[in-house]
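Keep the 3D view open as you read.

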Amino acid sequence: MRYRLTILLALHFSLYSAAQTEKPSNIPVQPDGTVEVPAESVPVSKFLSSEGKDYLIQHLHDMQDPDQIYSAKGIPRFLVPYLERQKILFAVKFDDEKIAGVHVFVYTPEKGIPAVNRNRVLINLHGGGFSGCWPGCAELESRPIAALGAIKIVSVDYRQGPENKFPAASEDVASVYKELLKTYKPKNIGIYGCSAGGMLTAESVAWFQKHDLPRPGAIGVFCAAAGEFGGDAAYTSTPLGEARLMPEMRSGGVTRLGYFQGTDPNDPLVAPINSPPMLEKFPPTLIITGTRSFEMSAAVHTHAQLVKAGIDADLHVWEGMFHGFFYNPDVPESREAYDVIVKFFGRKLGQ
């Protein structure tokens, strides 16, 4: 043991001495701590699967192509191949309905719902920046979880901007939730969403509290946070190729989106993270993000605040992945995310 310790100490001091002889990096640092980052080449992460690397490369090119990000009938073109693949891979029954006057899509596994999930339901709140991606994002977020989790999913076509303003979406989610409470116990209802849907999930829990509705059994805040974006990721994601973060959002300007026009960014119904007492009443929460996602810093911060509030919160960060990465069902990283989501709600609902 003493011999091993001597070797480790020798290695430590050797590395320390070598570091001392190197010239310090001449990166300009302003008095307020702002760092002037020099240009550099950033390769694809070595930790990605081979499929994940190809996926990331394709995504980086798609985000620079106006034709690929063009949206037709609620579906950006670059998402079309993922929709087609999901329909082949995940067998579900689909129903176009209204619940409490709100338009919804209902997904159930084609083979039926097993006994363990017969009294459970998930509510999906789709992504799209509070201004689109219905039905595209609803399909991509609901179909794999319904099939793999063998559970019923209700995806809500909530009102969006710029035609509608906050709190229209929260009201729609609450209407659907109240109707489902007539059939399901609150502890057996889960809510989740990606991007705008992830943010709306947190806002909905806050809205339920304000209107004396019971808290759901568990929630998933994916590709999002319980408040404004910003932090380091707002600056690292765009140079790494994400290229979908509006400049004003680098400093947390989510409330500048049309849907939030006129709101106070400190309002806990808009950003629940601003109210510790509200966070203390959150249900178990799963947070999913990626190291190249513009929401990563905000997601990490949300997790930290939930843990501080004593909430059972899980954070999963996928190395090298970007905003909404799990829409593509053919990469291992997406399958890993599906597995995490299914197991999380399987464990937490009904507690």
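In this predicted model, eight strands form an open sheet in the order 3-4-6-5-7-8-9-10, with mixed pairing. Strand 3 and strand 10 (313-318) sit at the edges with a single partner strand each, so one side of each has no neighbour in the sheet. On average, neighbouring strands are turned by 20° against each other, direction ignored.

**Strand pairing**

- Strands of a sheet pair through backbone hydrogen bonds, either parallel or antiparallel.
- For the parallel sense, look at strand 8 (residues 218-222) and strand 9 (residues 285-290), which pair over four bridges.
- Strand 3 (residues 92-99) and strand 4 (residues 102-109) run antiparallel and are joined by eight bridges.
- Here Lys98 stands opposite His103 in strand 4.
- Strand 3 and strand 4 make a hairpin with two residues between them, and Ala100 in the turn has a positive phi of about 55°.

**Helices on the sheet**

- Helix 5 packs on the sheet and touches strand 3, strand 4, strand 5 (121-125), strand 6 (152-156) and strand 7 (189-194).
- The direction of helix 5 makes about 35° with that of strand 4.
- Helix 7 lies across strand 5, strand 7 and strand 8, and runs at about 140° to strand 7.

**Helix 5 against helix 11**

- Two packed helices are described by the angle between their axes and the distance between the axes.
- For helix 5 (residues 136-149) and helix 11 (residues 332-348), the angle is about 60° and the axes are 10 Å apart. That makes helix 5 oblique to helix 11.
- The crossing of helix 5 and helix 11 is right-handed.
- On the helix 5 side you'll find Pro144, Ile145, Leu148 and Gly149, which meet Tyr338, Ile341 and Val342 of helix 11.
- Sorted by class, the residues of this contact are six nonpolar, one polar and no charged.

**Helix 6 against helix 7**

- The axes of helix 6 (residues 168-180) and helix 7 (residues 196-210) come within 9 Å and cross at roughly 70°. Helix 6 is therefore roughly perpendicular to helix 7.
- This crossing, too, is right-handed.
- Helix 6 brings Ala169, Ser170, Glu171, Val173, Ala174 and Tyr177 to the contact, while helix 7 brings Leu200, Glu203, Ser204, Trp207 and Phe208.
- The tally for this contact is seven nonpolar, two polar and two charged residues.

**Salt bridges**

- The whole structure has eight salt bridges.
- Glu139 and Arg143 meet through their side chains in a salt bridge, at 3.3 Å from N to O.
- Both Glu139 and Arg143 lie in helix 5, four residues apart, or about one turn of the helix.

- Most residues other than glycine have a negative phi, and most peptide bonds are trans.
- Phe130 is not a glycine, yet has a positive phi of about 60°. Look for Phe130 in the loop between strand 5 and helix 5.
- Pro135 is in the loop between strand 5 and helix 5, and a cis peptide bond joins Trp134 to Pro135, with omega about 10°.
- Another cis peptide bond runs from Gly161 to Pro162, with omega near 0°. Pro162 lies in the loop between strand 6 and helix 6.

Key: Residues are numbered from 1 along each chain as its sequence is written. This is a predicted model: local features need pLDDT of at least 70, side-chain atom pairs count only at pLDDT 80 or more; totals for chains, interfaces and linings use all residues. Side-chain values use heavy atoms; hydrogens and water are left out. Axes are lines fitted to C-alpha atoms, for helices over the stretch in contact, and angles run from 0 to 180 degrees between N-to-C directions. Angles under 35 degrees count as roughly parallel, over 145 as roughly antiparallel, 65 to 115 as roughly perpendicular and the rest as oblique. A crossing is left-handed if the near helix is turned anticlockwise from the far one by less than a right angle, and right-handed if clockwise. Contact means heavy atoms within 4.5 Å. Ala, Val, Leu, Ile, Met, Phe, Trp, Tyr, Cys and Pro count as nonpolar, Asp, Glu, Lys and Arg as charged, and the others, Gly among them, as polar. Two strands pair if DSSP finds at least two bridges between them. A salt bridge is a side-chain nitrogen of Lys or Arg within 4 Å of a carboxyl oxygen of Asp or Glu.
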